[in-house]
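Good morning, everyone, and thank you for making time for this. I would like to walk you through one model, starting from a sheet and then turning to the pockets.

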Amino acid sequence: MTSATTPSRRLRLGMIGGGEGAYIGGIHRYAARLDNHYDLVAGAFDADAGRGHRFAAANHIAPDRSYDDVHALIAGEIARADRVDVVAICTPNHTHFPIAAALLDAGFHVICEKPMTTTLDDAVALHERARSTGLFVGVTYTYSGYPAIHQARALVAAGELGAIRVVQVEYPLEWMATGIELQGNAQAAWRTDPKKSGRGGAIGDIGTHAYHLAGFVTGLKVESLFADLATFVAGRALDDNAHVLLRYEGGARGLLWASQVAIGQSNSLRLRVYGEKASLTWQQEQPNELAFTPLGGAPAIIKRGRDDLALDAKTRARTPPGHPEGYIEAFANLYTGYAEAIRAHIEGRTPAHDPASIPTSADGLKGVAFVDAVVDSHLSARWLKPAFT
């Protein structure tokens, strides 16, 4: 995704967490570098300060900009003429709110991992902080960065599918099919701890991705939902499988499945949208192709990189057709969109892109509200409407 302006400099990026052994921190760094919009210049990379400083040194961060924690980073950066512009939060869920709130209060833009917070009250408070300060908060719903997803969104918006009837979205994984949290897997350990992950397990970790993707492509808002959560691994405190029935405003129906115990599935996010005139199918493991099938017609495969695609799809592609692009590039598309929003704030102008084309704190709030409604629906066995849609 290309920026609409010619910047005078790269944005200065800081990072909280994401250090040694943290998968998602590396993804953020790759994405930030890919389109040349950021320099990583500061950070507090680990809860263990010593380990964080070693990681900073290995990644060429100046010693005086390697910090023990977020409060030290704020204190050290706020008085600098070359202070960081934006800070990426790559830490477990329960730390997102206090870190992001402190950064916003100090005047820094924020890029935050999802879910944005672990409680709805915190999500509301953080979104309101972003609105009141005018600062940018991006939430990394990565899969909305794929060019094919923007093409799907454009086709729905143009009425090519007609009225939407059915939305099916699923995100099955195998990686927690056994109790790996008890076998030294740190990533699984905090994801299965309600104090760190929040109320949702699979539904919060991957179900929110599926929920955001369905809404991003279709533009539909949920009227009510009915959830059935399950915990298949003995002793696990949070759900590892979720089925959610969705009723959308306007009459469309949907089904969302999120599972961390689906043996044989690696990262099998899939979206199917059925309208009165046509349907769309997209799979994350084959992200460069979008299947479009008109009523009574033959399926057509729309490939990334074609000249006749929607502008938002074309601007998010970097290589010609036949040269695959994937997850890192999708993540980089978010980072480039964030860069344009942040530069627009710094320069006092309107962003060149559609603000709804990148996930922000508003999307983060909807994701947390979705998790809350799912858990409450499961516990009460009732249809419920998320507080924010």
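Predicted model: local features only at pLDDT ≥ 70, side-chain atom pairs only at ≥ 80, totals over all residues.

**The sheet and its neighbours**

Residues are numbered from 1 along each chain as its sequence is written, and side-chain values use heavy atoms, with hydrogens and water left out.

Strand 10 (residues 270-275) and strand 11 (residues 278-283) run antiparallel and are joined by five bridges. By strands and helices I mean DSSP runs, of E with at least two residues for strands and of H or I with at least four for helices, numbered from the N terminus; two strands pair if DSSP finds at least two bridges between them.

The open sheet has eight strands, in the order 7-8-9-6-10-11-12-13, with mixed pairing. Its edge strands, each pairing on one side only, are strand 7 (222-230) and strand 13 (300-303).

Helix 9 packs on this sheet, touching strands that include strand 6 (164-172) and strand 9 (253-259), and its direction makes about 150° with that of strand 9. Helix 12 also packs on the sheet, touching strand 7, strand 8 and strand 9, and its direction makes about 60° with that of strand 7. Contact here means heavy atoms within 4.5 Å, and the angles, which run from 0 to 180 degrees, are taken between N-to-C directions of lines fitted to C-alpha atoms, for helices over the stretch in contact.

How much space lies in the largest pocket? The volume is about 1,200 Å³, and of the 46 lining residues, Ile 24, Cys 90, Gln 187, Trp 190 and Arg 191 are the closest to the centre. A pocket is an open set of points on a 1 Å grid over the protein atoms alone, where a 1.4 Å probe fits, with protein on both sides within 12 Å along at least five of seven lines, and lining residues have an atom within 4 Å of a point; a volume is the space filled by probe spheres set on the points, which are joined across faces, edges and corners.

Helix 7 gives the largest share of that lining, four residues.

The second largest pocket holds about 560 Å³; helix 9 and helix 12 (361-380) are the elements that give two or more residues to its lining.
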